[in-house]
Every structure is written in C-alpha cells, then in structure tokens.
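Subject: Structure handover

Hi,

Here is the structure I promised to pass on. Please open it alongside this note; what I found follows below.

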Amino acid sequence: MSGGIITAVSRTALELLRLLAQDAPAERIEEQARTLAAADPESGAVARELALRVRAGIDAHRRREAELSALVDIARDLASLPEPGGVLDTIVRRARSLLGADVAYLTLADPERGDTYMRAADGSISARFQTLRLPLGAGLGGLVAQTRRPYWSANYPADPRYDHTTEIDAAVEEEGLVAICGTPLLVDHEFVGVLFAAHRTRRPFASTEVALLASLAALAAVSLVQVRRATETADALAALSSAHAGIEQAAAAHDRFAGVVLSGGGVDDIAAALGELLGCWVAVLDVDDQRLAAHGTVPDALVDLPAVRRSADAARLVTVDGTSAVAVRAAGQRLGTLVLGGRAALRDGQVRTVERAAMVTALVLLFRLREAEADQRVRTDLLADLLARPAGDVDPTLAERGRLLGLRLRTPHVVAVCRAGSGRGLGSGLVGRDDGWMVAVVPGRDPSAVAADMARRMGKDAGPVGAAGPVVPAAGLRDTYADARRTADALAALGLSAGSARDLGFAGLVTGDVEGYLERVLGPVAAHDARRGTDLLATLEAYFAAGASPTRAAGALHVHVNTVAQRLERVAGLLGEDWHKPDRALELQLALRLRRLRG
C-alpha cells in the first residue's frame, strides 16, 4: 500500500473516531465509513463495523440510562401515591409511554376465583376488553399468571402456542390488538398480577423491551404491595381506634345498665336506657314474642319483621332493612328478643352496646323466671294441700301460707279444671296441675262465669272447663275439686266447652253421680229437715204432685193451706226465690223422684 493511501486511511479512521467522540449520529458515521471503504475496502469495512458497533453500544447505554432514569422517576411517583388505584393507573400510563405501546394494561390476581381480572388500562377503547377476566392458562395473560414467567407474541391472534378462548379472542379483536407482551408482578414469590404492553400492528418485541417491561412490573409489584400494606395498616389503626372508642362506649353503657339493675329497674328501664344511648326505638319481647317493654315509637307486628325471625337462630345481632334484633339468652335457653330501629346503621361499638344490653336483659329475665319458678313451686305445694283436704277440715296455716302469696283463702273462691293448657294468663289465684288436670282456684262466687272466662283465656285446645263452688279454700277443697272434675267430664260427654254443675242440672247425671246431684239440688232442704225435724221435702213432693197448687197440697197433707204457704216460703229461703220457675222446678221434681226411688 502506498504512503498516500495509508495517510488517507489514517485520516479517515481519525475522522471516525472524531465523529464518535462528538456523538455524531449513525448516519454520519456510515457516510464517513463509506469514504474509508473506497480508499481501502478491506480495512474500511472493519473500521465501519467497529465504529457502528461502538455507536450502537453508546446508544444502548444511553437508552438504558434513560430507561433507568425513567424507572427512578416512576418509583418516585409511585411512592407518593396513597392508594392502590392511583398506583395502577400510573403503572399502565408509564408502561405505555416507556415502551411506545398502543395499549398498556394490568390484571390483578383473584385468589377466591382463581383467575385474574382487568384492573387498569391506558389507551384502551373497548369496554368488553376493559372488563375481561383471564382464567389461569387461558390466552397469553393466563399462561403468564399460571407459569409466573413473561411471554410475548408478534402476532397473538395467529399464534398457536397459546390456549385461545372465544371470550378472550373476541375482546382482543374488538380492541384491535396484534402484538402482546405480558410479564408477571411478583413480590417475594407472591403473585400480584400481570402487566401488559400491546400494539395494534404486527411487530416483534426485543429482549430489551421485555426486560424493561419486567423491570417496570417488578417496581410496580413492590409499590402496589407497599401501598396495600400501608392502606391495611392505616385501616387497622383506624379500626383499632374506633374499636377502642367503641369499647369505652360499650363499657359506659354496661355500667349504666348495671346501675339500672342494681337500683331495682327492670327490662323497661333497660329499653329506655338503650334507646336514649343510641337515639332509637327499642322493644323487648318475651319467648312467646309478646311485648314486655318498649321505648319510643315502636312499629306494630314486630314478630313479622325479618330481623326478629332470623335472630332466633343467630348468635349475634341481626340487621335487616334498618331493624336490628338479637336473641336474649341465658342458661342455655332463649328468654326473648331485643329489637331496635329508627336510626342509621350501627357501628361496631354500638353493636357491642346492644349485645351488652341483651345480656343484661337476659339476666333480669332469668332472675324473674327463677323467682316465678320458686313462687310457682310454693303455690303448687299449697294447692296440693288444699285439694287433698276434705271440706270442713280447717287448717289455719293454709290461710297464712296463702296470705304470704297475696291470697285471701278465707273468702269465697271457685275451683275450675280442664284437661290441657299451661294456666298462663289466668290472673290471680292458685294455678297448677294435679293428676292430669289443670286446676285454678280463683276468687269469686259464680262458678259459671269463672268457667266461661277460663275457657276463653285457655282456648278450645284446653278442652271443656268445669267449675264448682263457691267455697272457702282454707276449709278444704277436696269435695269441690271432685265436683269440678265431674262437671268437666260431663261437659266433655255433652260436647260443651264450659259450665258448672248448676248449668248442667240433671244433664250432669251422665257422669253417674246421683248422690252428688241430689246433694246439689235438694241438699239445703234435706239438711234443714235433719236439723229442725221438719219435713219440707214431703211438702215439696205434695206441692208438685198437686200440680203446684198449695190448696190441694194442704188437703193431701191434712194441714191448713197457710201451713203449706209458710213451708214453701222456707223452701224459697233455702233454695232461692226462683225455685218454682220451670227449669228449677223440673230439677227439683227429678231429684225428688230419684230420692224416692233410692228409698
């Protein structure tokens, strides 16, 4: 090679170095390399290749610097965002800008459904695409989520490597996407989601682009998890603060409820205290859903409200359609229901306040129940002693035991019985069961009225109610009790619901108790004859035999008519002024005939 050529080549090579030092574009370098190649084709080609490789390296280095600078800026932006939604929108916007993509989008993992769902997108125009869900393994994104590795395709719709589904392909087609790259969002092996960059034309993805998207995905995953945890921490602190305030409020409410109970208050006072604390109406129902107490304007038909029905089987407070209810339980049994409404939704602390009110209400009802059970045992024992004592066998201690229970057993009472029923709601008196009978001993003189009232209160399922009396309980109830049972049996045989022996008259003979019938109809007259040595029963027989004529009766008895009149006046004093009316007269004539037949 001549010295002139060497000198020209050297100058050209120096020019290439100068251009590289000046950061000249590749086009200028290419032009200078062609000049060198013209002088020395072999050396010029080598110099050109080396210069262009150096230029490409410089460009790649600067591009990498730019990408790293962009990632730092993105990290700074993400760190300043307070909530996950802003983080996701920033990620897809920056990914689209950084890779020059037509669309960037991000899906998040749904552990409950086992798939991923579209959460954020930038550049998207399809509503169908923006609501897409990707099952694991389905499509490019599903494969990324399943394998937790990046995948990309220059022409996804025609790429057979992926499991195409109708739903995914239709959404991709509607969005117009062709080239797609997806990379997983991972933090400490925790799968968060998938970040995508996509183009609407066919084009390959360079490895540097995939790496850049992966770097952005890693940064996004860390930021997203950090924001989530920060949000969860803030929520936990807020919940803790709210819970602390709620606990203090519930404790103060509990102190108030305890004060109500210790001062002798009942469920009505608890309902009032709860209503004042929460600013709402409150009602307390018993185990049969009857209202025990109320505060404020309480709706009708509480038992039909869904919250009340559902609370019976629930362990905690139940709220439906603005009404809340909680079962009142103690000693393993449901004693009633606490119901409230007419206010905004209850906070956690207020829920605890209601549940504490239910607990205190349960204690009050349990105390009341135990007192009632103890009182009933005492009453049952007293009733058993009275029913076992024959008439006339007076025991002063029975009257004193009754007085301690608020009963006046030296005054007239009526004994009423039936076969079924609980006896609840029968009012004052003694109520209990004996030998299969529900027995009530209540103050009064009219057994018919008592039987009718008891039948109305007990309902038809209790069976016929028979009553007898009046009688003074302290003097023994055995005979009157037997009379009431016979009456109930007679009523059952006749298909009647309530009545007394007097109501039945001779129909009471269906029980076969002739002696009892004679005692009820003729007893006062027979007792008078036995005491005074008179014969008023014979006068009655003669009177009825004479067709109710005093004159003819006097002839049959061989006495003056005035004597017959005087005797009949005595009968009226013993049996009542209505003794001669048709119904009573029939009863008397039947009883007189039965007496005569019995000898």
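Start with residues 1–6: pLDDT stays under 50 there. The model gives this stretch 3 contacts beyond four places in sequence. Keep in mind that this is a predicted model. Across the protein, the mean pLDDT is 81. A pLDDT of 70 or more is reached by 79% of the residues.

Next, the largest pocket. Its space comes to about 980 Å³. The lining counts 35 residues, and those closest to the pocket centre are Ala 501, Arg 502, Glu 519, Arg 520 and Val 521. By class, the pocket lining splits into 16 nonpolar, 8 polar and 11 charged residues.

The peptide bond between Gly 469 and Pro 470 is cis, with omega at about 5°.

H19 also turns up in a helix pair. How do H18 and H19 cross? The axes of H18 (residues 550–557) and H19 (residues 561–575) come within 8 Å, and the crossing angle is roughly 110°. Angles of 65 to 115 degrees count as roughly perpendicular, so that is how H18 and H19 lie to each other. On the H18 side, the contact uses Pro 550, Thr 551, Ala 553, Ala 554 and Leu 557. They meet Val 561, Val 564 and Arg 567 of H19. The residues of this contact comprise 6 nonpolar, 1 polar and 1 charged.

How many cavities of 30 Å³ or more does the structure hold? There are 2. The largest cavity has a volume of about 100 Å³. It is lined by 14 residues, and Tyr 105, Leu 134, Gly 141, Ile 168 and Val 172 are the closest to its centre. Helix H6 (139–147) and helix H7 (166–175) each supply at least two of the lining residues. H6 gives the most, with 4 residues. What classes make up this lining? It has 11 nonpolar and 3 polar residues, and no charged ones. The lining of the largest pocket, by comparison, includes 11 charged residues.

Arg 148 lies in the loop between H6 and strand E4 (151–153). Arg 148 is not a glycine, yet its phi is positive, at about 60°.

- Residues 1–6, where pLDDT is under 50.
- The cis bond joining Gly 469 and Pro 470.
- The contact of H18 with H19, including Leu 557 and Arg 567.

Best wishes

Notes. Residues are numbered from 1 along each chain as its sequence is written. This is a predicted model: local features need pLDDT of at least 70, side-chain atom pairs count only at pLDDT 80 or more; totals for chains, interfaces and linings use all residues. Side-chain values use heavy atoms; hydrogens and water are left out. Axes are lines fitted to C-alpha atoms, for helices over the stretch in contact, and angles run from 0 to 180 degrees between N-to-C directions. Angles under 35 degrees count as roughly parallel, over 145 as roughly antiparallel, 65 to 115 as roughly perpendicular and the rest as oblique. Contact means heavy atoms within 4.5 Å. Ala, Val, Leu, Ile, Met, Phe, Trp, Tyr, Cys and Pro count as nonpolar, Asp, Glu, Lys and Arg as charged, and the others, Gly among them, as polar. On a 1 Å grid over the protein atoms alone, a cavity is a set of points where a 1.4 Å probe fits but cannot get out, and a pocket is an open set with protein on both sides within 12 Å along at least five of seven lines; lining residues have an atom within 4 Å of a point. Grid points are joined across faces, edges and corners, and a volume is the space filled by probe spheres set on the points. pLDDT is the predictor's confidence in each residue, from 0 to 100.
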